[in-house]
Amino acid sequence: EVAENLRGAARTSDPLQRFDLLRSAFYTGSGKPKADSGLFSAAMRKSVPDLEPIVFAARDRLVETIDRLNLVAMFEATHAALILAERLNHDYEDIKKTRSQLDFDDLINRTAALLSRADVGAWVHYKLDQGIDHILVDEAQDTSPVQWTIIQSLAEDFFSGETARGTHRTMFAVGDEKQSIYSFQGARPERFSDESSATERRVRESGSAFSPIRLQLSFRSTEDVLSAVDAVFDNPAHAKGLSARNEPVVHASNRIGQAGLVDVWETIAPAETIHEEEWTAAFDATPEDAPANILAQRIAATLADWIGTETVIEKGVPRPMQPGDVIVLVRKRDAFVNALTRALKTRRDIPVAGADRLVLTSHIAVQDLVALGHFVLLPEDDLSLASILKSPLFDLSEEHVAALAGRPQGTNVWQHLRSLHEQPPYGDLVKRLERYIALSRELPVYDFYARILGRDGGRAAFLGRLGSEVGDIIDEFLTFALDHEKNGLPGLQSFISGLEMEAPTVKREQDKERNEVRIMTVHAAKGLEAPVVFLVDGGAKPFSHSHMPQLRFLSTTDLVGGLPAWLPLKDFANT
């Protein structure tokens with residue numbers, strides 16, 4: 001096969017066809033260069049020893065060419081992406097100007113620019129200086145360089161010699177580089193160390209006192225837990241990047257003598273067996289033998305054994321462990337969160353607080369309410385009708401829904417359902433649906449849904465099937481409907497369209513007083529405490545695209561081999 005491809009490449013005059021033949025000769029089906037053994041056998045080496053280095057050189061030349069082609073393709077794609085991004089940025093800026101609005105970055109950047117302006121900056125500093133005696137920077141590790149510029153600008157006169165004001169002015173900053181979580185907003189944890197050194201130099205040069213204080217005493221964790229953390233970072237490879245000054249990670253516990261335990265579970269590897277696809281399963285279903293499901297079942301079983309039997313000491317008083325004593329921390333809200341929620345709530349009857357943050361339209365209760373809106377707007381929408389019939393609002397059985405699906409040819413499900421109005425249970429369904437269609441045309445959006453969820457018992461039906469956490473989702477849905485009535489276009493069609501386009505995110509407070517197991521991301525749980533904490537690592541890559549440097553334009557000299565940036569891909573094949 002290799003010989004035939006090489007022979008064909010030598011005979012053809014079409015450069016693109018030659019390129020395809022050479023790629024077939026020297027590359028595997030998965031797109032990787034063939035190894036030496038894949039090109040030459042022992043018999044071939046013995047027969048034509050002089051040919052081997054020539055073929056290998058040709059393969060290496062093709063690999064180099066394909067790398068350059070990939071570079072060109074990447075450049076063209078990046079260039080196109082940057083053009084789109086630039087257009088979106090311009091449109092975004094135009095919208096803000098039209099509406100006379102500023103976003104978060106604008107507030108910071110304009111403040112920094114104002115303080116540094118030559119014409120009015122001195123006057124602004126003078127006015128601010130009259131009321132600032134102390135600057136406190138909290139969570140300093142999440143302070144961006146631009147924000148540090150504002151801070152240092154405000155503190156510029158604090159340590160510059162004699163002042164017209166007799167007040168002794170000070171600056172205090174507290175932070176922990178290890179806890180930086182706002183890199184997506186421009187935070188640079190290493191800047192905290194740099195600013196500390198710069199401030200110390202300015203303070204000491206002014207003759208004032210500077211006091212660096214290391215806060216190593218923890219009031220939350222026990223000695224056993226902190227010792228486990230320190231043991232992990234004893235390895236220099238693990239501690240790399242935790243401190244700009246490479247300071248050792250050392251903790252001390254204020255809870256001396258109190259018990260603590262760190263239990264590390266073994267990694268659950270995916271099964272190696274090949275599974276046949278179950279075509280009747282839901283698209284987002286997680287197989288029972290998937291690692292996420294196995295781990296969820298193990299955590300649920302463990303908590304079922306602990307809750308009510310193990311002892312928790314709260315404020316010095318021992319008591320039985322409760323669901324509210326447990327927090328499960330994850331890196332991201334993925335399939336494991338749903339698997340654990342199902343394992344705890346459905347299989348172990350352990351109350352769960354639900355996700356701490358979710359897109360409103362992704363919740364099944366909101367999807368059912370949206371489906372109801374689609375149906376009353378267009379009764380011929382068979383899928384929406386089937387969805388609401390299976391929802392808690394109507395709770396129709398699978399058998400009855402399947403019977404409706406077998407409608408006569410040329411009719412839709414709504415027509416077929418109305419033809420069965422004399423047969424139970426379809427008669428009551430038809431009356432309710434006809435009433436909902438009429439209400440949707442008489443009432444405003446909020447009143448329409450409030451009537452269904454309130455007087456008609458819709459909220460109770462959702463709570464009965466989906467649990468208490470759905471109450472917050474329904475409240476957020478009604479709040480969105482009320483806001484839309486005040487600020488949006490009138491009508492149910494506009495509301496449904498706006499909800500689906502905006503897909504608002506709901507953040508729910510994880511209240512321990514509700515006595516439910518809390519499942520949260522590590523980012524969202526910052527500052528919370530619990531006697532029992534599960535740290536779940538889903539095995540994903542430690543870095544995502546959000547950690548990577550931002551895109552930038554390349555000059556022609558940045559390209560490998562000095563390839564001109566304007567050279568089209570089709571012309572490169574001829575070079």
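**Exercise 1.** Determine which residues Leu-372 touches, leaving out those up to four places away in sequence.

*Solution.* The model is predicted: local features need pLDDT of at least 70 and side-chain atom pairs pLDDT 80 or more, while totals for chains, interfaces and linings use all residues. Residues are numbered from 1 along each chain as its sequence is written, and side-chain values use heavy atoms, without hydrogens and water. A contact requires heavy atoms within 4.5 Å. Leu-372 touches Ile-388, Leu-393, Tyr-436, Phe-448, Tyr-449 and Ile-452.

**Exercise 2.** Describe the largest nonpolar core.

*Solution.* Such a core is a set of buried Ala, Val, Leu, Ile, Met, Phe, Trp, Tyr and Cys residues joined through side-chain atoms within 4.5 Å; buried means under 20% relative accessible area with a 1.4 Å probe, protein chains only. The largest core has 47 residues, and Leu-372, Leu-433, Phe-448, Tyr-449 and Phe-495 have the most contacts inside it. Helices, here DSSP runs of H or I with at least four residues, are numbered from the N terminus. Those supplying at least two core residues each include H14 (364-377), H18 (426-442) and H19 (445-453). H14 gives the most, with eight residues.

**Exercise 3.** Classify the packing of helices H8 and H9.

*Solution.* First, the axes, which are lines fitted to C-alpha atoms over the stretch in contact, come within 11 Å and cross at roughly 20 degrees for H8 (residues 145-154) and H9 (residues 189-205). Second, angles under 35 degrees count as roughly parallel; H8 and H9 are therefore roughly parallel to each other. Third, Pro-145, Trp-148 and Gln-152 in H8 meet H9 residues including Phe-192 and Glu-195.

Terms used
Buried means under 20% relative accessible area, exposed over 50%, partly exposed in between (1.4 Å probe, protein chains only). Axes are lines fitted to C-alpha atoms, for helices over the stretch in contact, and angles run from 0 to 180 degrees between N-to-C directions. Angles under 35 degrees count as roughly parallel, over 145 as roughly antiparallel, 65 to 115 as roughly perpendicular and the rest as oblique.
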